[in-house]
Amino acid sequence: FVSRLANWPSELRSLRAMASVPPSLLSVYLAVLLDKMGAMMVLPLLPFIARSMNGSSLAVGLLQSLYSLMQVFGTLALGMLADTWGKRRILLLSLFSSSVFLLACGLAVSLSQLLLFRA
């Protein structure tokens, strides 16, 4: 089998490797993907969003730095909660809350709301 796999193009080898990933790891990969999309998709638009809400350069910096800072503290808190309540339950809770707050960011009408929902 390995010799046949070596003859496959690199794209198909990576697809074959992805197909053998256990479902439990797939949910973790999905969680990381959603988290990074939430962080990085908005990043190039932050100056325009802040300007449309009469914000300054400081507001753009706060929007990004608060997100990263809250991830640090959130990781510590969620790690302790996961030890107590279980990793799966906390992962599902954090995925749900991330989705809700990303939607709230999209619906924010003021800079203060955006800062609150982004943090």
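1. Throughout this note, a residue is called buried when its relative accessible area is under 20%, exposed when that area is over 50%, and partly exposed in between, with a 1.4 Å probe and protein chains only. The model is a predicted one, in which local features need pLDDT of at least 70 and side-chain atom pairs count only at pLDDT 80 or more, while totals for chains, interfaces and linings use all residues. Residues are numbered from 1 along each chain as its sequence is written, and side-chain values use heavy atoms, with hydrogens and water left out.

2. As to the overall make-up, the protein has 7 helices and 0 strands, where helices (H or I, at least four residues) and strands (E, at least two) are DSSP runs numbered from the N terminus. Read from the N terminus on, the order of elements is α-α-α-α-α-α-α. Of the 119 residues in the protein, 15% are buried. Contact here means heavy atoms within 4.5 Å, and among the contacts with a separation of 6 or more, 58% are between residues 24 or more positions apart.

3. Which residues of α3 are buried? They are Ala31, Gly38 and Ala39, and they lie on the same side of α3 because they cover an arc of only 100° around the axis. That arc is the one formed by the directions from the helix axis to the C-beta atoms. The elements against which the buried residues of α3 pack are α5 (57–85), α6 (87–107) and α7 (111–118).

4. For the helix pairs, axes are lines fitted to C-alpha atoms, for helices over the stretch in contact, and angles run from 0 to 180 degrees between N-to-C directions. Angles under 35 degrees count as roughly parallel, over 145 as roughly antiparallel, 65 to 115 as roughly perpendicular and the rest as oblique. The axes of α3 and α6 come within 11 Å and cross at roughly 25°, and the two helices are therefore roughly parallel to each other. The contact involves Ser27, Val28, Ala31, Leu34 and Gly38 on the α3 side and Leu91, Leu95 and Leu102 on the α6 side.

5. The axes of α3 and α5 also come within 11 Å, but they cross at roughly 155°, so α3 and α5 are roughly antiparallel to each other. Here Asp35, Gly38 and Ala39 of α3 make the contact with Gln64, Tyr67 and Gln71 of α5.

6. Gln64, which sits in helix α5, counts as buried because its relative accessibility is 19%. Leaving aside its neighbours within four places in sequence, Gln64 is in contact with Ala39, Leu43, Leu46 and Arg118. Met40 of helix α3 is 24 residues from Gln64 in sequence and 9.7 Å from Gln64 in space, C-alpha to C-alpha. With a relative accessibility of 48%, Met40 counts as partly exposed.

7. In α7 the buried residues are Leu111, Leu114 and Arg118, and they line one face of the helix, because seen down its axis they fall within an arc of 60°. The face of α7 turned away from that buried side carries the exposed residues Ser112 and Leu116. The cover over the buried residues of α7 includes α3, α4, α5 and α6.

8. The axes of α6 and α7 are 9 Å apart and the helices pack at an angle of about 165°, so α6 and α7 are roughly antiparallel to each other. Phe101, Ala104 and Cys105 of α6 form this contact with Leu114, Phe117 and Arg118 of α7.

9. One backbone point deserves a check by eye. Most residues other than glycine have a negative phi, whereas Asn54 has a positive value, near 60°. Asn54 is placed in the loop between α4 (46–52) and α5, and it counts as exposed because its relative accessibility is 75%.
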